[in-house]
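Please walk me through this protein structure.

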Amino acid sequence: MSGVAVHTGGSALPVEVEAVELHRIAMPLVRAFETSFGRQTARDVLLVRVLTAQGEGWGECVAMADPVYSSEYVEGAAAVIRDYLAPALLAARTVRAAEVSSVLGGTIGHRMAKAALEAAVLDAQTRAAGISFGEYFGAVRPEVDCGVSVGIAPSIEALLDEVSEYVEAGYRRIKLKIKPGRDLEPVAAVRSMLGPDALLQVDANTAYTVADIDHLRGLDDFGLLLIEQPFVEEDIAAHVMLAKAIDTPVCLDESITGTAVAIDAIERDATSIVNIKAGRVGGYLEAIRIHDACLERDVAVWCGGMLETGLGRAANVALAALPGFTLPGDTSASDRYFADDLTESFVLVDGRLAVPSGPGTGVTVRTELVSAWRTRPVELLTRA
């Protein structure tokens with residue numbers, strides 16, 4: 001793996017932003033999803049619709065209802081878009097997606113909120129140009145290998161039953177959420193059931209400390225693809241220590257907030273694999289820059305997920321079709337999370353999802369479901 005990806009979307013014309021809409025909806029999950037930071041039974045979703053002279057575009061904010069995965073949360077994201085980000089975008093009037101980051105740069109942080117606006121502008125821009133996200137990003141595959149993220153189960157038996165369902169469905173990689181007290185035993189049980197060759201990895205979501213390094217060394221017995229984000233995101237040094245102490249490759253997730261951080265972590269040997277989540281890093285264009293930096297350094301990447309609806313999933317699948325995404329991501333089928341999706345459903349075929357080929361995200365938001373699932377009045381933001 002070498003070289004840098006070529007991205008072809010730079011020539012797309014700018015759009016003239018006329019208004020921004022905020023939509024809040026609730027979507028129940030088909031099964032509860034438990035991680036080290038909590039248990040979810042539904043998704044509180046913030047959607048952004050950008051209305052432009054050239055047409056509309058939609059974006060999805062991946063922030064959770066509470067600030068437990070990151071400092072961002074849905075209510076806060078809606079507030080910062082309403083009070084700061086949307087006014088800045090509206091004041092800029094005519095923009096390209098590539099300019100959104102600098103337009104919103106006067107507000108510090110709030111990457112998930114910014115990513116939602118950038119995605120909406122990008123959707124409008126590429127739809128107007130008649131090109132897909134995949135074309136704009138530089139996708140090299142028409143479909144992507146899919147893994148699935150499995151939450152912490154109430155029992156080993158329940159965990160094995162759930163994993164069996166996903167294996168039968170055709171998922172090409174299994175990821176287990178772990179936390180102290182719920183790690184070695186469930187991992188051993190799943191590895192025994194899957195056999196030695198199946199792709200299996202674990203995700204700690206920052207649940208451990210350096211005092212647990214000797215314990216985490218026990219994961220080496222299971223031939224894992226990687227261990228994801230065992231320590232708090234700010235502590236790169238602790239991940240350097242762990243990487244030296246264990247054979248299992250260390251992967252960073254929450255720690256990776258931008259390209260410079262990713263390069264620093266790689267050069268310090270804190271990580272040998274990177275999970276890229278567009279919302280976490282401020283947008284798909286920054287995600288592409290991280291991908292390119294990793295590709296140049298021969299570091300494998302994969303596309304993480306945040307229980308996105310079909311809208312966010314479409315963009316993730318397009319991102320995961322770039323050349324550096326050599327590992328199956330958390331780009332699961334729609335029915336992994338939702339009985340009915342916000343867009344046309346993504347269906348797993350032979351362990352893969354097709355990259356949408358239509359203009360923009362390539363999917364259509366089902367506005368009747370947005371209305372039916374609405375939890376707040378629509379907020380229409382225009383120039384003062």
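Predicted model: local features only at pLDDT ≥ 70, side-chain atom pairs only at ≥ 80, totals over all residues.

Residues are numbered from 1 along each chain as its sequence is written, and side-chain values use heavy atoms, with hydrogens and water left out.

Seven strands form an open sheet in the order 6-7-8-9-10-11-12, with parallel pairing. Helices (H or I, at least four residues) and strands (E, at least two) are DSSP runs, numbered from the N terminus. Two strands pair if DSSP finds at least two bridges between them. Strand 6 (147–150) and strand 12 (300–303) stand at the edges with a single partner strand each, so one side of each has no neighbour in the sheet. Helix 11 (residues 284–296) packs on the sheet and touches strand 11 (273–276) and strand 12. Contact here means heavy atoms within 4.5 Å. The direction of helix 11 makes about 165° with that of strand 11. Axes are lines fitted to C-alpha atoms, for helices over the stretch in contact, and angles run from 0 to 180 degrees between N-to-C directions.

Now look at strand 7 (residues 173–177). Five of its five residues are buried, so the strand is largely enclosed by the rest of the structure. Buried means under 20% relative accessible area, exposed over 50%, and partly exposed in between (1.4 Å probe, protein chains only). R173, K175 and K177 point one way from strand 7, while I174 and L176 point the other way. Strand 7 pairs with strand 6 in the parallel sense over four bridges, and G147 stands opposite R173. Strand 7 also pairs with strand 8 (residues 200–203) in the parallel sense over four bridges. There, D203 is the bridge partner of K177.

Strand 6, helix 5 (residues 156–169) and strand 7 make a right-handed β-α-β unit. Strand 7, helix 6 (residues 184–194) and strand 8 make a right-handed β-α-β unit. Right-handed means that, with the strands pointing away from the viewer, the path from the first strand over the helix to the second runs clockwise.

Next, the cores. The largest nonpolar core has 104 residues, and V20, I81, F137 and L176 have the most contacts inside it. Helix 1 (residues 74–92) gives the largest share of this core, nine residues. A second, separate core has 14 residues, including W58 and Y337. A nonpolar core is a set of buried Ala, Val, Leu, Ile, Met, Phe, Trp, Tyr and Cys residues joined through side-chain atoms within 4.5 Å.

Finally, the charges. The structure holds 26 salt bridges, each a side-chain nitrogen of Lys or Arg within 4 Å of a carboxyl oxygen of Asp or Glu. R173, K175, K177, D203, E228 and D330 are linked in a network of them. D145 meets R172 in a salt bridge (3.7 Å, N to O). R172 lies in the loop between helix 5 and strand 7 and D145 in strand 5 (residues 143–145), so this pair ties together parts that are 27 residues apart in sequence. D145 also meets R352 (2.8 Å, N to O). R352 lies in strand 13 (residues 352–354), so that pair ties together parts 207 residues apart in sequence.
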